[in-house]
Amino acid sequence: MMKKQNKKELNNVPRELKWILKNIDRMGMSFETATKHDLNIMCGHREHQGIILDVTPLDFPILESLGEVNNNEINKNDDKQKHLWIMLDGVSDTHNLGSIIRSCFFLNACGVILGVNE
C-alpha cells in the first residue's frame, strides 16, 4: 500500500534518487513511497528501476506547424548542429526510445520526429 512520507523519513533512499527528492518541492511535485510489489502492479510488471512518474500525455506539435526549412537561409558559418533533426520510424520499445532521445539531447539536436502511431 502506498503512503505519503516526509523526505526526512526516507533514510534508505538510493543515491540515484536523492537529486529528485531534493528538488521535488521546487518542481511543484509530490511523492509517495510504495513497495516493489506495488510498483510492479502500477507499471504492469514492466521494468521500473524503483521509480514511477504519473504524468499527463504530452501535447506534441504537428509536423506542418514547424514550418519549412529554407537551406538558403542557413548561414554557412552557423553551427550545423543546431539544424539537426532526428526522424524515427517503427521504434516501439520505450527503453530504446528513451536512449535515442537522450542521445539526441547530447548531440544538441533541434528535435525528434516520431510517427503518428509511435
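Some ground rules. The model is predicted, with local features needing pLDDT of at least 70 and side-chain atom pairs counting only at pLDDT 80 or more, while totals for chains, interfaces and linings use all residues. Residues are numbered from 1 along each chain as its sequence is written, and side-chain values use heavy atoms, with hydrogens and water left out.

Start with the fold. The protein has 3 helices and 4 strands. Helices (H or I, at least four residues) and strands (E, at least two) are DSSP runs, numbered from the N terminus. Along the sequence the pattern reads β-α-β-α-β-α-β.

Next, the overall numbers. The protein has 118 residues, and 15% of them count as buried. Buried means under 20% relative accessible area, exposed means over 50%, and partly exposed is in between (1.4 Å probe, protein chains only). Now contacts, meaning heavy atoms within 4.5 Å. Take those between residues at least 6 apart in sequence: 56% join residues at least 24 apart.

Now the second largest pocket. Its volume is about 650 Å³. Which element gives the most to it? Helix 3, with 4 residues. By class, the lining has 17 nonpolar, 2 polar and 1 charged residues.

The terms, quickly. A pocket is an open set of points on a 1 Å grid over the protein atoms alone, where a 1.4 Å probe fits, with protein on both sides within 12 Å along at least five of seven lines; lining residues have an atom within 4 Å of a point. Points are joined across faces, edges and corners, and the volume is the space filled by probe spheres set on them. Ala, Val, Leu, Ile, Met, Phe, Trp, Tyr, Cys and Pro count as nonpolar, Asp, Glu, Lys and Arg as charged, and the others, Gly among them, as polar.

Leu97 sits in helix 3. Leaving aside neighbours within four places in sequence, Leu97 contacts Leu88, Val91 and Leu114. Leu97 and Leu114 are 17 residues apart along the chain, with C-alpha atoms separated by 10.0 Å. Gly90 is 24 residues from Leu114 in sequence, and 8.7 Å from it, C-alpha to C-alpha. Gly90 lies in the loop between strand 3 and helix 3. Is Gly90 buried or exposed? Exposed, because its relative accessibility is 54%.

Two backbone points. His45 is not a glycine, yet has a positive phi of about 65°. His45 is in the loop between helix 2 (36-42) and strand 3, and is exposed at 61%. Asn108, also not a glycine, has a positive phi of about 60°. Its loop runs between helix 3 and strand 4, and at 52% Asn108 counts as exposed.

Last, cysteines. How many disulfides does a search of the whole structure find? It finds 0, a disulfide being a pair of cysteine sulfur atoms within 2.5 Å. Cys104 is buried at 7% relative accessibility, whereas Cys110 is partly exposed at 40%.
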